[in-house]
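Dear colleague,

Please find the structure below, handed over for your review. My findings follow it.

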Amino acid sequence: MEKDFDLVVIGSGPGGYVAAIRASQLGYKTAIVEKYNVLGGTCTNVGCIPSKALLDSSENYYAILHKGPKQGILADNVRIDFEKFIARSKDVVKQNNEGLNFLMKKNKIQVFTGAGSFIDNSKIVIRKDQEEDKTISAKYFIIATGSKPASIPGVDIDKDRIITSTEALSLKTQPATMVIIGGGVIGVEMASVYSRTGTKVTIIEYTDSLIPTMDRELGKELLKVLSKQGIEILLSSKVQSAKNQGNSALVTYLDTAGKEQQVTADYCLVAVGRKPYTTGLGLENTKVKLDDKGRVVVNDQLRTEEPNIYALGDVIRGPMLAHKAEDEGVAIAETINGHPHTINYLRIPSVVYTWPEVAGSGYTEEQLKEAGIVYNKGKFPFLASGRARASDDMDGFVKVLTDPKYGEVLGVHIIGARAADLIAQGVIAMECEITDSELGKISYAHPTFSEVLKDAYLITSGRGAINI
Ligand code: FAD
Ligand code: NAD
């Protein structure tokens, strides 16, 4: 029987919309189904984009206050117009939503608004309040339904005083105090936004390190920098409960000695990870399986147990990152087109947009040690960079880990100014197998932050750093 579409993508986050665009470019009749009225998913609407807008605005404010006087820039009465601060981030989101509408039209992708639910492996029903259900059929489907914030026992997110990143991106007034449960990526990014603009922020982290999934030296340095910026950070502390007290939140935790402590704040932001979202998808009407963490099970080609249904992004295994979802979207469209390619998950860069930024790709030092892999280590501080001194960005370092025999780059880890952009060079070096000695020989513009990487490669390749 003739199908309505070649491919239907359920969910319009970065994984879903990129998959739809690539499929359409390859000549497939494609539709995308999104339950909200705007396209873009978590990343565009309540994730990457608004958080980066607030991080940039708060960074500008902080720089005027704290770097300005040292540089002879004197400004009186500098303050935050909180309503405008939030409104501007929403405007940036709107521009991105409009960009996506344009891309869907340009690529002739049909957009359905409503929640998609499988009837069987070739049909879904789309439901939207006060509208008649629509049923559409397709040869292939991609599940791209993303994730939702997770919580911990004793902490009920009420979106009033006990909030998630979604509410924290849209507060009406600047809080005087905020407690953040979790010192992972959301924890340190939102702590930066609020602390820079004047909120007294306390982070309570369960493990003994901030951003514990990254190379541990990065977390140590970030702890120093954020503490210096005035954020109170409690490591090895376990939250027991968070209660809404009307005008404030009361958080109870066990400190490093196992003693019960309490802290009150205007808001408690819960940032303890996110969980895959498959509610209402009708997976029981298909052979698609979930694992013990509720993630859709896929094989190396991102195919589920139903050969014509694929899945990607936050709803499957792997890091919950927008670019990971995007790469998977392209991989699925090309696999359907008969050109499968695999993704090297180890090299997907992780970036944290604090200031200084943090970024890593490849093996961490802990992973190399654990696997018994011998490595050379080249560590170089931003303090020794002329560019960093010129912009008063001397915190941090780069660390490159390379194979002693062939000089292959095994891992690149950076905490420092523009780490988010610098990491691309490390990813290219690893993907293209460029050696540390080659990386130490090529020309780097002076003065740039990238020169810090050159010195690190000079160290691992045995030639010795020039600038230290
Ligand atoms: P999502 O973006 O979650 O999109 C899924 C979409 O599916 C949603 O729009 C949802 O409404 C829709 N949907 C769900 N069920 C149905 C259904 N049944 N029918 C129709 N539609 C449905 N990552 C980065 O790489 N860089 C960052 O800087 C970054 N910052 C972040 C900041 C915050 C505060 C948060 C919360 C996340 C951030 N992330 C960042 C993570 C990033 O947002 C996610 O990894 C990414 O959005 C995952 O993309 P996705 O396509 O898998 O799903
Ligand atoms: P995360 O996994 O990065 O961090 C969660 C933190 O909470 C961990 O450090 C964990 O040890 C801690 N934690 C867990 N239970 C705790 C408890 N009981 N008490 C105290 N601490 C506890 O998760 P997140 O920060 O919520 O972010 C969710 C996802 O969103 C991440 O996977 C991340 O990749 C993605 N994200 C990415 C970016 C980015 O790329 N810049 C930004 C924001 C979010």
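The expected span of a helix is taken as 1.5 Å times one less than its number of residues; helices (H or I, at least four residues) and strands (E, at least two) are DSSP runs, numbered from the N terminus. By that rule the 25 residues of α4 should span 36 Å, and the end C-alpha atoms of α4 lie 37 Å apart, which agrees.

Two sentences on conventions are needed. This is a predicted model, in which local features need pLDDT of at least 70 and side-chain atom pairs count only at pLDDT 80 or more, while totals for chains, interfaces and linings use all residues. Residues are numbered from 1 along each chain as its sequence is written, chains are lettered from A and ligands numbered from 1 in the order in which they are written, and side-chain values use heavy atoms, with hydrogens and water left out.

Helix α4

An α-helix has 3.6 residues a turn, so residues three or four places apart point the same way.

Nonpolar cores

A nonpolar core is a set of buried Ala, Val, Leu, Ile, Met, Phe, Trp, Tyr and Cys residues joined through side-chain atoms within 4.5 Å. The largest has 48 residues, of which Val8, Phe118, Ile124, Ile136, Ile142, Ile143 and Val296 touch the most other members. Elements that each supply at least two residues of this core include β1 (5-10), α1 (14-25), α4 (82-106), β6 (134-143) and α8 (322-336). Leaving out residues up to four places away in sequence, Ile143 touches Ile10, Phe118, Leu281, Leu283, Val288, Ile309, Tyr310, Ala311, Leu312 and Val315. Another core, of 34 residues, lies apart from the largest one; Phe82, Ile163, Tyr194 and Met214 are among its members.

Second largest pocket

On a 1 Å grid over the protein atoms alone, a pocket is an open set of points where a 1.4 Å probe fits, with protein on both sides within 12 Å along at least five of seven lines; lining residues have an atom within 4 Å of a point. The second largest pocket holds about 530 Å³ of space, the volume being that filled by probe spheres set on the points. Of its 22 lining residues, Tyr62, Lys67, Trp355, Asp392 and Asp393 lie nearest the centre. α3 gives the largest share of the lining, 5 residues. The lining divides into 8 nonpolar, 4 polar and 10 charged residues (Ala, Val, Leu, Ile, Met, Phe, Trp, Tyr, Cys and Pro count as nonpolar, Asp, Glu, Lys and Arg as charged, and the others, Gly among them, as polar).

Backbone points to check

Most residues other than glycine have a negative phi, and most peptide bonds are trans. The bond from Trp355 to Pro356 is cis, with omega near 0 degrees, and Pro356 sits in the loop between β18 (350-352) and β19 (357-362). Thr354 belongs to the loop between β18 and β19 and is buried, with a relative accessible area of 0%. The bond from His446 to Pro447 is also cis, with omega near -5 degrees.

Glu433 has a positive phi of about 50 degrees and is exposed at 57%.

Yours sincerely

Note on methods. Buried means under 20% relative accessible area, exposed over 50%, partly exposed in between (1.4 Å probe, protein chains only). Contact means heavy atoms within 4.5 Å.
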